[in-house]
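Please read them with the structure open beside you.

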Amino acid sequence: MNPRVTAAAWGLLVTAVQIGLPLAVRGRLPEPMATHWGVGNRPDGSMPFTRYVLIETLFWVLPWVTALAVAGTGRALEHRQGRIAWWGGLFGLGVFAAGLNVSTVLANLGAAHWTQARLTAPHPLVVVAAACAAGALAAYLGRGEPDVLPAGHREPPLLRLRPGERAVWVGHVTNPWLALITLVAAGGLVVLGALSLVGVAGGQVAAAVLPALVIMLAVGLLTSSASVRAGGDHVVIRLGPLRVPVRRIPLAKIESAWAEDRYPSQVGGWGVRGLPGGATIMLRGGQCLVIAYRSGGRLAISVDDAARGASLVNALIAERVQS
């Protein structure tokens, strides 16, 4: 199955639905159309037919073209995590976009005025469930074979420790863009709180802005920076400027470690990508410390000086686990 051919065919099919469905029933739709529903599934927003068709088409076409461009580089499909994210995102988003279009058209179908359009309660749930199911199935079918360890890493680096020597390695990494987003979100929350206290920002403004700022701050606190410490009997990974959450990996569970170049396009983006047993904590492209578990799983994390950290991890395993 050629990914680019499949993506092109799938994209054209979804685009045909996005444009063809509303045009096919144009005469039975109100002008403007209801496009948003509030409490009780009552319509509270509308837009002209032409603008609706343009927006819901671009909502699908832009990520579809992006996915084609990413596949064209080949890097995104080199690793299993990248293949899972690419196939799952492509088909999941396609079903989601088409489902939203079908639900909106059905709700408006036969209505004399957009305020009379009725969206039945199960529609949004069915669309989300169908998108998740399609994405999961595509990710499973497109995952491919497990990643093969690069030839240069089949002999993991090993640091020689003197008898009784106690060595510790600490590596850090910071993504300046994510750190900036975190600061902007924190500053925005402070400004919003001050404006609310003096009565300048009303409840509606706060309700619209607050969730986005809180999400940005939470994501930034979790993914803007990280540190990895190898020493004693554990490898300890701490995320964010507050160094929480913390993950402690006993050396007894690690088979080996090595350094490997990985990029966001290979693992599906930034942040924690993948599933337990095959995850990457991606903060920036470049060198990552890869930990192979004795159970068969792997965990990779962006960190500077990963080769030195891997060699110490292997030395500690040889000294304290295998001896």
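1. Salt bridges first. The count comes to four. Keep in mind that this is a predicted model. Side chains of opposite charge can pair when their charged atoms come close.

2. Start with Arg262 and Glu260. They form a salt bridge, and the closest N and O atoms are 3.3 Å apart. Are the two partners buried or exposed? Arg262 has 5% relative accessibility, so it counts as buried. Glu260 is buried because its relative accessible area is 7%, under the 20% cut-off.

3. Next, Asp304 and Arg284. Their side chains meet in a salt bridge at 2.9 Å, N to O. This pair links distant parts of the chain. Asp304 sits in the loop between S11 and H8, and Arg284 in the loop between S9 and S10, 20 residues apart. Asp304 counts as partly exposed because its relative accessibility is 42%. Arg284, at 17%, is buried.

4. Asp305 lies in the loop between S11 and H8. Its relative accessible area is 39%, so Asp305 is partly exposed. Arg308 is exposed, with a relative accessible area of 53%. Check the backbone here too: phi of Asp305 is near 55°, a positive value in a residue other than glycine.

5. More backbone to inspect. Most residues other than glycine have a negative phi, and most peptide bonds are trans. Arg243 is not a glycine, yet its phi is positive, about 60°. Arg243 is placed in the loop between S5 and S6. With a relative accessible area of 24%, Arg243 is partly exposed. That loop between S5 and S6 also holds Pro245. The peptide bond from Val244 to Pro245 is cis, with omega near 5°.

6. Where is Pro32 found? It is in the loop between helix H1 (3-24) and strand S1 (33-37).

7. The largest nonpolar core has 29 residues. Val228, Val235, Ile237, Ile249, Ile254, Leu289 and Val313 touch the most other members. Several elements give two or more residues to this core, among them strand S3 (169-174), strand S4 (225-231), strand S5 (234-239), strand S7 (254-262) and strand S10 (286-293). Helix H8 (306-320) is another element on that list. The largest share, six residues, comes from H8. Apart from this core lies another, of 16 residues, including Val14, Leu77, Phe91 and Ala97.

8. Look at Leu289 in detail. Which residues does Leu289 contact, leaving aside its neighbours within four places in sequence? They are Trp169, Val228, Ala257, Trp258, Leu299, Ala300, Ile301, Val303, Ala306, Gly309 and Ala310. Val228 is also one of the core residues that touch the most other members.

9. Surface next. Trp177, Leu180, Ile181, Val184 and Met216 form a nonpolar patch, with about 490 Å² of accessible area together. Which element gives the most to the patch? Helix H5 (residues 176-197) does, with four residues. Val184 lies in that helix, H5. Val184 counts as partly exposed because its relative accessibility is 47%.

10. Compare this with the record. An unreviewed UniProt entry annotates "transmembrane region" over residues 52-72, 84-109, 121-141, 177-198 and 204-222. In the model, residues 177-198 are 95% helix and 0% strand, with the end C-alpha atoms 32 Å apart. Residues 121-141 are likewise 95% helix and 0% strand, and their end C-alpha atoms are 31 Å apart.

11. Last, Arg166. It lies in the loop between helix H4 (122-141) and S3. At 62% relative accessibility, Arg166 counts as exposed. Arg166 and Val290 are 124 residues apart in sequence. In space they are 22 Å apart, C-alpha to C-alpha.

Technical notes. Residues numbered from 1 in each chain as written. Predicted model: local features only at pLDDT ≥ 70, side-chain atom pairs only at ≥ 80, totals over all residues. Heavy atoms only, no water. Patch = residues over 30% accessible without salt bridge, like charges linked within 9 Å, V, L, I, M, F, W, Y side chains within 5 Å. Areas by Shrake-Rupley, 256 points an atom, 1.4 Å probe, with all protein chains shown as cover. Buried < 20%, exposed > 50% of the residue type's maximum accessible area, 1.4 Å probe, protein only. Core = buried A, V, L, I, M, F, W, Y, C linked by side-chain atoms within 4.5 Å. Contact = heavy atoms within 4.5 Å. UniProt positions renumbered as here; feature names shortened; annotations may be inferred.
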